[in-house]
Amino acid sequence: MVVELEFDYNAAIASMDIFSQQDFDSLKQWTQNLDKSKFVPKDLTDKQLLIFYNACYGDVDRTKVCIEKYYQIRKNAPEMFDNRVLSSEDVQPTVQALEFAVLPEKSCEGYDLIYHRLHNTEPSKYHLEPGCKLLLMTVDACLSKRGPQPGFIFLFDMQGVKLGHLTRVSLSTLRKFFQYVQEAMPVRMREIHVFNTEPILDKLLLLIRPFMDKKFFDMIKFHHKNEDLEKFYETVVPRSALPPDHGGTLPDTQTLHKKCMQTLKSLEPYFRAEEEQRINALPDKKRDKAMEKAFKNLDID
């Protein structure tokens, strides 16, 4: 099964600020020479490689490192990257409890916007692993639909976050999540904006700060509940690109979430193909074990 991303390849190259066909060809050749201990598929498509190449600003050596870490982390974090099916037993409750969206408009600088917040604020409804899975599925959906972009901004709303949510967090999953986002996620991360900061923020930072390097932490901007956001609208994200709860003119967050979930549902063949591609890149014994597990998941679904 071919891993098919939906963006237009030639249009993407034409819009990129950095592209060298010679460098790109050398990158393709490099993937063919890797042994299976690196877990990198030999059948990566040009579109897949272009996503990595753009994320690393055309730096071939950085791109190679990013690709290797991407597949290593995905192998080691099945709770976030395997069985990416909305109807699955572990994911469906989180679809109801949280909200995610690739916002239809862009930032003032032309960056893609990923939005996330709680829908049900009861801590017992929160599960970190499927929450991370859905967030990263949303990023992958944006990459598949829009292709390589000049940047991403994440928008997180803390409204309703309580101490009880923090007690449900796995440090092991947090470590994997932040390692992936900082070292392997193939996007140009620009900024992270956190709205409606709650008193629990200090305790949250105490929990997650050890997993963030300084460069990543410096991208985070906090906005308290009563902050005047006029400058934010003028310089970062215009009102036209935000939902009403944040002073914008888009549809409400639940409507945006439902549309995002429809997109993720439509991309399930892509998610399955991507997982199958990773399984086929494993050494033989690991591949057989992973395939057996994947078939069991399909039977359950």
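Mentor: Let's start with Leu282, which counts as buried because its relative accessibility is 8% (buried is under 20% relative accessible area, exposed is over 50% and partly exposed is in between, using a 1.4 Å probe and protein chains only). Leu282 sits in the loop between helix 14 and helix 15 (284-300); helices (H or I, at least four residues) and strands (E, at least two) are DSSP runs numbered from the N terminus. Its C-alpha atom is 24 Å from that of Val60, a residue 222 places away along the chain.

Before we go on: this is a predicted model, so local features need pLDDT of at least 70 and side-chain atom pairs count only at pLDDT 80 or more, while totals for chains, interfaces and linings use all residues. Residues are numbered from 1 along each chain as its sequence is written, and side-chain values use heavy atoms, with hydrogens and water left out.

Now the packing. In soluble globular proteins, nonpolar side chains tend to be buried together. Here the largest nonpolar core has 83 residues, and Leu50, Leu134, Phe154, Tyr180, Met185 and Leu264 touch the most other members. Such a core is a set of buried Ala, Val, Leu, Ile, Met, Phe, Trp, Tyr and Cys residues joined through side-chain atoms within 4.5 Å. Helix 7 (residues 128-146) gives the most to this core, with 10 residues. Take Met185: leaving aside neighbours within four places in sequence, Met185 is in contact (heavy atoms within 4.5 Å) with Leu136, Val139, Phe154 and Tyr180. A second, separate core of 17 residues includes Tyr233, Ala241, Leu250 and Leu256.

Next, the spaces. On a 1 Å grid over the protein atoms alone, a cavity is a set of points where a 1.4 Å probe fits but cannot get out, a pocket is an open set with protein on both sides within 12 Å along at least five of seven lines, and lining residues have an atom within 4 Å of a point. The whole structure has 2 cavities of 30 Å³ or more. The largest cavity holds about 720 Å³ of space, and among its 33 lining residues, His116, Tyr126, Phe156, Leu204 and Ile208 lie nearest the centre. That lining splits into 28 nonpolar, 3 polar and 2 charged residues, and helix 10 (residues 201-208) gives the most to it, with 5.

So what does helix 10 look like around its axis? Leu201, Leu204, Leu205 and Ile208 are buried in helix 10. They cover an arc of only 95° (taken from the directions from the helix axis to the C-beta atoms), which puts them on the same side of helix 10. On the other side of helix 10, Asp202 and Leu206 are exposed. The buried residues of helix 10 pack against helix 8 (163-166), helix 9, strand 4 (189-197), helix 11 and strand 5 (220-224).

The second largest cavity holds about 130 Å³. Its lining includes Leu5, Gln48, Tyr70, Asp140 and Glu274, and helix 3 (46-55), helix 4, helix 7 and helix 14 (268-280) each supply at least two of the lining residues.

Methods. Grid points are joined across faces, edges and corners, and a volume is the space filled by probe spheres set on the points. Ala, Val, Leu, Ile, Met, Phe, Trp, Tyr, Cys and Pro count as nonpolar, Asp, Glu, Lys and Arg as charged, and the others, Gly among them, as polar.
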